[in-house]
Amino acid sequence: MLMERKIPLLRPYFDDDELAEVKKALDSGWVAQGPKTKEFEQGAAEKLGVEHCVAVSNCTAALHLALLSVGVGPGDEVLVGDYTYPATGHSALFCGAEPVFIDVDSGTYNMDPALMKEAITDKTKAIIPIHTFGQIAEMDPIMKIAKDHNLPVIEDAACAFGASYKGTMAGAIGDIGCFSLHARKGITTGEGGLVSTHSKDLADSIRKKTVFGISSAWDREKQDEINIPIFDELGYNYKMSDITAAVGVAQLRKVEKIIARKRELAAYWNSKLEDIEGITAPYEDENKTHIYQSYITLVDEGINRNKLIFELSQRGVQCQIGTYASHIQPVYGNKYECPVSLDIFNRALALPMFYLLNESDIDFAADVVEKTLRDFS
Ligand SMILES: Cc1ncc(COP(=O)(O)O)c(C=O)c1O
């Protein structure tokens, strides 16, 4: 029987290593936050080249705690790149602050540093550049502006574990880095997040806030006297469990392999798209190692992108939009104009990209894309 071919947008990559690590956690009897989480944090810190990592429940929690730890509160403003998943803007709202959306560069889709200065006011308390789809933002000019105005930089590196900028890893450039380990990210624990920082003070403050404002049960367990916790500040339950961390420990061992293969696949996609009219391959800045969390193309103006997504999926190639133009989301009150972000929001098309994809899948998918675009014109 002839099977109809279907290429998914993505699939996570796990093998026996994840199962073995999860089994160790289960067998140990300690499945809440404990030694596996510590092992994961240390492994991640080594990979990123930072002193401290704090594992959390997801990147949204990481962003929330990062903002709190640098003192963002009610009435403050936070500069946020506009083209992002609304978790970024929401994290400012969680603190009672206002996200001030900055339009993005039309090539990288990252926050445009040229637009930042005019957006800074007396109320600005932090800057969140986003490393969109795994390509790091223009960190040199962003860090300079931040320094000139004495503002902390929180990297939204949700999509960028393992990406680098002039040799420095995402999450090791600003004051704090926030990563997602959600199923769609380069390495994943299903749901999960991570904070990175060089600062012990920031790490300690964030860690305490992940556990209701006290020290973790595992840290208390190791002490040789009974310490009844005192709740002296407001904290949250943003912990990662050791079962989740066990998957993370195994995923960390694969990260370089996954990135190298996805970069090869991206180059192959690029070569295929060169000959297809109506669609442009993603731009890669030579100063950055793009990790292709997603492979995001742009379709020409006039092409109905939403209809195209539907049609491609019908023909066996699962696609998606890129991400969101934050400023048009009603929850933020429609206060800003970001025309570049809006244009990308309307025209971006995510094509299949994941470690287990192969060249033959891309041949098939590219053929479907070409024929479908021809039918659209
Ligand atoms: C840029 C960006 N920031 C933050 C998040 C939130 O991540 P999480 O789902 O781990 O909370 C996402 C998720 O897609 C994202 O893409």
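Predicted model: local features only at pLDDT ≥ 70, side-chain atom pairs only at ≥ 80, totals over all residues.
Local features are given only where pLDDT is at least 70 and side-chain atom pairs only at pLDDT 80 or more, while totals for chains, interfaces and linings use all residues. Residues are numbered from 1 along each chain as its sequence is written.

The protein chain splits into domain 1 (16-252) and domain 2 (255-376), with bounds that come from an automatic or database domain assignment. Their C-alpha centres are 26 Å apart. Domain 1 brings 33 residues to the contact and domain 2 brings 29, two residues being in contact if their C-beta atoms, placed from the backbone, lie within 7 Å.

Next comes the largest nonpolar core, which has 111 residues. Such a core is a set of buried Ala, Val, Leu, Ile, Met, Phe, Trp, Tyr and Cys residues joined through C-beta atoms within 7 Å; buried means that 20 or more other C-beta atoms, placed from the backbone, lie within 10 Å of a residue's own. Helix α8 (residues 242-273) gives this core its largest share, 11 residues; helices are DSSP runs of H or I with at least four residues, numbered from the N terminus. Because domain 1 (16-252) and domain 2 (255-376) both give residues to this core, it lies between them. A62 is among the members that touch the most others. Neighbours within four places in sequence aside, A62 is in contact with V56, C178, F179, G193, L194 and V195.

Notes
Buried ≥ 20, exposed ≤ 12 C-beta atoms within 10 Å, placed from the backbone. Helix = DSSP H or I, 4+ residues; strand = E, 2+ residues; numbered from the N terminus.
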